[in-house]
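Welcome! Here is a short briefing to read alongside the sequence and the 3D view. Take a moment to look around before moving on.

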Amino acid sequence: MELLLLVSLSSVLALSLIVLLFKHKLSGGPKLPPGSFGWPILGETIEFLFGNPEKFVGDRMRRYSSTVFKTKILGEKVAVFCGPAGNKFIFSNEQKLVTEWRPHSMQKLMRSYEAKSPAPPPTNPNDSKTKVLRQPGFLKPEALSRFMEQMDSTTQQHMKLHWEGQSKVLVFPVSKNFTLSLASKFFLGLNEHDRITRLANEFDDVSLGLHSIPWKIPGTIFYNASNGATAIRKALLSVIREKKEALANGARSHDILTYMVAAADPATGRMMPETEIADKMMGLLTAGYSTVAGAITFLMKFVAERPDIYDRILAEQLEIKKSKNPGETLVWEDIQKMKYSWNVTSEVLRLTPPLQGTFREAMTDITYEGYTIPKGWKIYWTVSSTNKDPTYFPDPETFDPARYEEGNAALPPYTYVPFGGGPRLCPGKEYARLVILTFLHNVVNRFKWELVDPKEKIIEDMMPAPSKGLPVRLIPHSA
């Protein structure tokens with residue numbers, strides 16, 4: 001639908017081409033990075049959204065500059081920072097020179113995130129929004145370790161419901177059901193499995209719409225995402241009100257929603273509005289299920305393609321299983337023993353990062369590599385400028401978990417950054433690690449698996465996905 005609408009604008013764009021004839025004749029002003037703003041109005045949004053984001057960046061690095069180039073996407077002038085030096089610059093200058101920015105589609109879907117214009121830069125990097133997620137320490141190892149028993153029990157139940165007794169499984173949709181169920185327990189404190197997981201399709205629509213053209217026209221990605229967000233927000237508001245009532249009656253629980261409902265801003269004493277809580281929880285749930293499910297799916301794919309790697313994972317996980325009493329769940333110490341399994345996962349995240357990149361905004365004029373990035377410009381940070389660079393990863397298309405083994409040369413700083421870095425290092429990194437390794441422990445101790453379609457196409461998007469959902473053939477271990 002979006003493509004048809006874009007084509008319908010072609011006549012307007014053709015008349016506007018005259019603008020391009022003058023842009024190189026302009027003199028004076030700051031020296032901007034090399035690159036192109038593309039078409040008037042649309043810029044290079046079509047190539048960015050409907051092509052391969054990794055190819056989009058790689059092609060322009062080769063054409064313009066391997067360090068920084070300019071473009072126009074999603075209605076904004078953007079400087080794309082590349083390579084380890086670009087990663088270091090962004091990670092080292094959070095809330096100094098750059099600040100968080102969300103695309104307009106994301107702002108409109110998560111309405112409490114919508115930026116006011118002009119927006120003053122935060123005076124404190126630990127602003128109230130950040131404090132909600134980081135200050136209580138919900139995503140720190142000591143808090144996550146208390147969730148391990150429930151995480152393993154939920155994973156075992158998921159295996160019984162969706163894997164055991166099946167000859168084939170569609171890994172991607174089943175993984176999304178699993179990660180959404182876990183996220184509902186951890187973030188919302190919900191035990192009713194289907195209360196949020198029944199909205200899986202709506203969460204899928206929202207995930208697709210986070211990076212889209214914000215046209216609310218029937219049939220477009222953003223239209224479907226808006227409807228999905230409305231349904232999710234309604235369900236979350238119901239959960240929030242029930243949580244408030246339970247707290248008023250003396251109930252206590254240890255989850256992020258409880259903290260959001262009960263906590264007041266220390267400076268103003270203001271309680272967070274219910275709609276704002278709902279939007280934040282929608283963002284957390286979306287991030288907590290979609291990216292982790294993608295990582296699990298591609299882990300299953302790569303392991304199926306390499307029986308030698310499967311055998312080493314199985315050996316490691318069997319040792320952990322043998323150390324447990326019957327019925328005993330995994331504990332934090334067991335996760336720390338899964339070193340080879342995490343090396344394999346790390347290589348999966350390098351080859352198919354669950355999220356290609358994120359945006360920042362220049363808080364002031366920035367000088368970088370001899371160029372000026374004007375205040376207000378957006379900055380795009382992406383893992384794809386280093387994760388397949390042969391300078392840092394020899395034979396980069398080869399799946400090789402040995403890259404991360406102890407004794408091998410350490411990877412150069414700022415080259416392997418699937419979780420970002422600096423003050424905005426993904427706070428869910430440890431949560432994702434626990435979910436992925438707990439899943440892997442349970443699935444590998446039950447099955448071997450084969451790809452039904454070894455040549456299944458991968459949809460190269462901001463969040464890569466297998467085109468058919470990755471069907472696998474299950475081979476249960478004999479008793």
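Predicted model: local features only at pLDDT ≥ 70, side-chain atom pairs only at ≥ 80, totals over all residues.

- Phe50 belongs to helix H4, which covers residues 45–50.
- Phe50 counts as partly exposed because its relative accessibility is 35%, and the range for that label lies between 20% and 50%.

**Two crossing helices**
- Helix H14 spans residues 221–248, and helix H16 spans residues 274–305.
- The axes of H14 and H16 come within 9 Å of each other, crossing at roughly 115°.
- The crossing of H14 past H16 is right-handed.
- On the H14 side, the residues that meet H16 include Ala229, Ile232, Leu236 and Ile240, along with the charged residues Arg233, Arg241 and Lys244.
- On the H16 side, the residues that meet H14 include Glu274, Ile277, Asp279, Met281, Met282 and Leu285.

**The whole chain**
- The protein chain holds 20 helices and 12 strands.
- It has 479 residues, and 52% of them count as buried.
- Looking at contacts between residues at least 6 apart in sequence, 73% join residues at least 24 apart.
- The chain's accessible surface is about 22200 Å², and carbon and sulfur atoms account for 55% of that.

Conventions: Residues numbered from 1 in each chain as written. Heavy atoms only, no water. Helix = DSSP H or I, 4+ residues; strand = E, 2+ residues; numbered from the N terminus. Buried < 20%, exposed > 50% of the residue type's maximum accessible area, 1.4 Å probe, protein only. Contact = heavy atoms within 4.5 Å. Areas by Shrake-Rupley, 256 points an atom, 1.4 Å probe, with all protein chains shown as cover. Axes fitted to C-alpha atoms, helices over the stretch in contact; angles between N-to-C directions. Left-handed = near helix turned anticlockwise from the far one by under 90°.
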